[in-house]
Amino acid sequence: CREMVVVRNTEANLYNRLWCTFELLAAIMLEIDVLVAGEMPPEFISGRGTGSTASCTDPTDRERISGAMLGAQSQDPALEALVNRAMYRVSHAKSGSRVHVTRARRPFWRQKRNAVSH
């Protein structure tokens, strides 16, 4: 897949759902764009509410998803920060926009460029 669609709504913070947080982690690992639709609840936009308290209605799902996320984070400890950054960017993006989530440590414009010699 080349992109993922996130459909937000004003009634619920989608990142309170563990599945949604996991899907964002998958987008980061696959380095795919996230297409954003809908609006976030006002309490999330103002900074209250995160995915850290995400839950599942099915305990088996929670165990499996949490295990997969912890396994990925043990391979790359920076993933948690990347998920939090991506969560912020997706939550604050305008509806209809495209957000690129990446594992890159530095933005491309700050990466060292190869000198061109003539």
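Reader: How many salt bridges does the count come to?

Author: A salt bridge is a side-chain nitrogen of Lys or Arg within 4 Å of a carboxyl oxygen of Asp or Glu. By this rule, the count comes to two salt bridges. Please note that this is a predicted model, in which local features need pLDDT of at least 70, side-chain atom pairs count only at pLDDT 80 or more, and totals for chains, interfaces and linings use all residues. Residues are numbered from 1 along each chain as its sequence is written, and side-chain values use heavy atoms, with hydrogens and water left out.

Reader: Which residues are linked in the network of salt bridges?

Author: The network links Glu-3, Asp-33 and Arg-98. Arg-98 forms a salt bridge with Glu-3, where the closest N and O atoms are 2.7 Å apart. This pair links distant parts of the chain, since Arg-98 is in strand 3 and Glu-3 is in strand 1, 95 residues apart. Strands are DSSP runs (E, at least two residues) and helices are runs of H or I (at least four), both numbered from the N terminus. Arg-98 also forms a salt bridge with Asp-33, the closest N and O atoms being 3.7 Å apart. Here Arg-98 in strand 3 is joined to Asp-33 in strand 2, 65 residues away.

Reader: Is Asp-33 buried or exposed?

Author: Buried means under 20% relative accessible area, exposed means over 50%, and partly exposed lies in between (1.4 Å probe, protein chains only). Asp-33 has a relative accessible area of 18% and is therefore buried. Glu-3, at 37%, is partly exposed, and Arg-98 counts as partly exposed because its relative accessibility is 49%.

Reader: Which residues does Glu-3 touch?

Author: Contact means heavy atoms within 4.5 Å. Leaving aside residues up to four places away in sequence, Glu-3 touches Ile-32, Asp-33, Leu-35 and Arg-98. Glu-3 and Ala-27 are 24 residues apart in sequence and 7.8 Å apart in space, C-alpha to C-alpha.

Reader: In what order do the strands form the sheet?

Author: Two strands pair if DSSP finds at least two bridges between them. Three strands form an open sheet in the order 1-2-3, with mixed pairing. Strand 1 and strand 3 (98-100) are the edge strands, each pairing on one side only. Strand 1 and strand 2 (residues 33-37) pair in the parallel sense over five bridges. Within this pairing, Met-4 stands opposite Val-34, and Val-7 stands opposite Ala-37.

Reader: Which residues touch the most other members of the largest nonpolar core?

Author: Nonpolar side chains tend to be buried together in soluble globular proteins. A nonpolar core is a set of buried Ala, Val, Leu, Ile, Met, Phe, Trp, Tyr and Cys residues joined through side-chain atoms within 4.5 Å. The largest core has 28 residues, of which Tyr-15, Leu-24, Val-34, Val-90 and Val-101 touch the most other members. Strand 1, helix 1 (18-30), strand 2, helix 3 (59-75) and helix 4 each supply at least two residues of this core.
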